[in-house]
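Subject: Structure handover and notes

Dear colleague,

Please find below the structure I promised to pass on to you. My notes on it follow directly after, with the cut-offs given as each term comes up.

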Amino acid sequence: MIKTEQDFYTAVEERRSVYGISKEKVVSDERIIEVIEHAVKHAPSAFNSQSGRVVVLLGENHDKQWNITEAALKEVVPAENFQPTAEKMEAFRNGYGTVLFFEDQSVVKSLEQQFPLYKDAFAPYSLQSAGMLQYIVWTALEVEGFGATLQHYQPLIDESVQKMWGVPENWKLLAQMPFGKPTAAPGEKQFNSIDERMKVFK
């Protein structure tokens, strides 16, 4: 059981998109793996399908992820406009690690075959499960002292990622989460009125 002094509500509030990150060690690699394993194990999923998959990239593998992404973007972004993209890739590369999130499509297809009445629902269910797993990992990393963001460079990088790390073909890449020690606080967050976003009937 993973234990922390930070309460759940504080963790939810303090999880933010943090773009300024560094390679400075915050906790051990073993602790990072433990936290992410805990999230993968306990994240909810439709029919307990457990379709979420992750790849954790540390050290030079983390750098390779953003080298791959930068190379792919160079193929589609005009050279004269590439500088902001290069700076963004460098900011991600400056981090300590990256978590790649996938959904196992063989699990989704199996559910579609087993429960044809709900066939059209399993793809949305899969995305809902993926979102919950991403959120748990993101919040857990924040609790450990990391800053992180959620990025989406698929399908541009799918084939290269698959080849580099031997990812099974049935794992569909959904998101990439670079993380590291925060070097700058996130900006002030604006909130829309709760009255516009929530209704209560009792």
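A residue is called buried when its relative accessible area is under 20%, exposed when it is over 50%, and partly exposed in between (1.4 Å probe, protein chains only). Helices (H or I, at least four residues) and strands (E, at least two) are DSSP runs, numbered from the N terminus.

This is a predicted model, in which local features need pLDDT of at least 70 and side-chain atom pairs count only at pLDDT 80 or more, while totals for chains, interfaces and linings use all residues. Residues are numbered from 1 along each chain as its sequence is written, and side-chain values use heavy atoms, with hydrogens and water left out.

I begin with strand β3. Eight of the eight residues of β3 are buried; G97, V99, F101 and E103 point one way from the strand, whereas T98, L100, F102 and D104 point the other way. In a regular strand the side chains alternate between the two faces of the sheet.

Two strands are taken to pair if DSSP finds at least two bridges between them. Strand β3 (residues 97–104) runs antiparallel to β2 and is joined to it by seven bridges; among the pairs, V54 stands opposite F101, and G52 has E103 as its bridge partner. Strand β2 is itself mostly covered, with five of its seven residues buried. Eight bridges also join β3 to strand β5 (residues 171–182), again in an antiparallel arrangement, and here G97 is opposite F179.

S51 sits in the loop between α2 (29–42) and β2 (52–58), and S51 is buried, with a relative accessible area of 1%. The side chain of S51 makes a polar contact of 2.5 Å with the side chain of E103, where a polar contact is a pair of N or O atoms within 3.5 Å (within protein, one must be able to donate a hydrogen and the other to accept it, and residues adjacent in sequence count only if both atoms are side-chain atoms). If neighbours within four places in sequence are left aside, S51 is in contact (heavy atoms within 4.5 Å) with F102, E103, D104, V107 and S126.

D104, which belongs to strand β3, is buried at a relative accessible area of 5%. Not counting residues up to four places away in sequence, D104 touches S51, R53, N170 and W171. The side chain of D104 also forms a polar contact of 2.5 Å with that of S106. S106 lies in helix α5 (residues 105–114) and is partly exposed, with a relative accessible area of 37%. Although S106 and S51 are 55 residues apart along the chain, their C-alpha atoms are separated by 8.6 Å.

Finally, there is a helix pair to consider. The axes of helix α3 (residues 60–74) and helix α4 (residues 83–93) come within 9 Å and cross at roughly 170 degrees; axes are lines fitted to C-alpha atoms, for helices over the stretch in contact, and angles run from 0 to 180 degrees between N-to-C directions. The helices α3 and α4 are therefore roughly antiparallel to each other (an angle over 145 degrees). Their contact is made by H62, D63, W66, N67, T69, E70 and L73 of α3 and by T85, A86, M89, F92 and R93 of α4.

Best regards

Methods
Angles under 35 degrees count as roughly parallel, over 145 as roughly antiparallel, 65 to 115 as roughly perpendicular and the rest as oblique.
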